[in-house]
Amino acid sequence: MSAHAGSFTVRSRGKGTYEITSEVAGIVAESGISTGTVTVFVRHTSASLVIMENADPSARRDLEAFFDHLVPEDTPYFVHTLEGPDDMPSHIRMALTRTSEVIPVIDGRMALGTWQGIFLFEHRRAPHQRQIVVAVTGD
């Protein structure tokens, strides 16, 4: 059993989804691991990760609109608003999604489906730098 780790930074332009599939695939290739798993983790509490359709961007826009409707900003009963009206909604959106994803590695490549991509889901309106940590384990 071998292990390999890497990391990279994503500069968001504000709320939305940002594809990181190729960056993760690069770390998997660097690892030299043929069969195993890759774990992708975002080190933040107001951003998350999703595996989502990567062919038609309208699917991601619909996801973003759904979360805006599900957890609206300026909700009057939110107390945690020190950093603005998107502060608490960003934490709730993160909690409803995931901060990590585990993907099988087969023949040295991620076993994603044809239309699947890995995306950083930025929940804050302002641009941020998000740290992504990747760990590959296997043989």
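1. A nonpolar core is a set of buried Ala, Val, Leu, Ile, Met, Phe, Trp, Tyr and Cys residues joined through side-chain atoms within 4.5 Å. The model discussed here is a predicted one. Its largest nonpolar core has 21 residues, and those with the most contacts inside it are Ile20, Val24, Val38, Val40, Ile132 and Val134. At least two residues of this core come from each of the following elements: strand E1 (2-11), helix H1 (21-31), strand E3 (36-42), strand E4 (47-53), strand E5 (100-106), strand E7 (116-122) and strand E8 (129-138). In soluble globular proteins, nonpolar side chains tend to be buried together.

2. There is also a second, separate core of five residues, which includes Val50, Leu63, Phe119 and Phe121.

3. Leaving aside neighbours within four places in sequence, Val24 is in contact with Phe8, Val38, Val40, Met110, Ile118 and Val134.

4. Helix H1 has a buried side and an exposed one. The buried residues of H1 are Thr21, Val24, Ile27, Val28 and Ser31. Viewed down the axis of H1, these buried residues fall within an arc of 130 degrees, so they line one face of the helix. The face of H1 turned away from that buried side carries the exposed residues Ser22, Ala29 and Glu30. Just after H1, Gly32 adopts a positive phi of about 75 degrees.

5. An open sheet is formed by three strands in the order E2-E7-E4, and their pairing is antiparallel. Strand E2 (16-19) and E4 stand at the edges with a single partner strand each, so one side of each is left without a neighbour in the sheet. From one strand to the next, the twist averages 35 degrees. E2 and E7, which run antiparallel, are joined by four bridges. Glu19 stands opposite Phe119 in E7. Phe119 is also one of the residues in the second core.

6. Within H3, the residues Asp87, Pro89, Ser90, His91, Arg93 and Met94 are buried. These buried residues of H3 pack against E4 and H2.

7. Asp107 is located in the loop between E5 and strand E6 (109-110). The phi of Asp107 is near 55 degrees, again a positive value in a residue other than glycine. Asp107 counts as exposed, with a relative accessibility of 64%.

8. Ser12 is a loop residue of another kind. Ser12 is placed in the loop between E1 and E2. A residue is buried when its relative accessible area is under 20%; Ser12, with a relative accessible area of 4%, is therefore buried. The side chains of Ser12 and Glu122 are joined by a polar contact of 3.1 Å. Not counting residues up to four places away in sequence, Ser12 touches Tyr18, Glu122, Ala126, Pro127 and His128.

How values were computed:
Residues numbered from 1 in each chain as written. Predicted model: local features only at pLDDT ≥ 70, side-chain atom pairs only at ≥ 80, totals over all residues. Heavy atoms only, no water. Buried < 20%, exposed > 50% of the residue type's maximum accessible area, 1.4 Å probe, protein only. Contact = heavy atoms within 4.5 Å. Arc of directions from axis to C-beta. Pairing = 2+ DSSP bridges. Axes fitted to C-alpha atoms, helices over the stretch in contact; angles between N-to-C directions. Polar contact = N/O pair within 3.5 Å; in protein donor to acceptor, adjacent residues only side chain to side chain.
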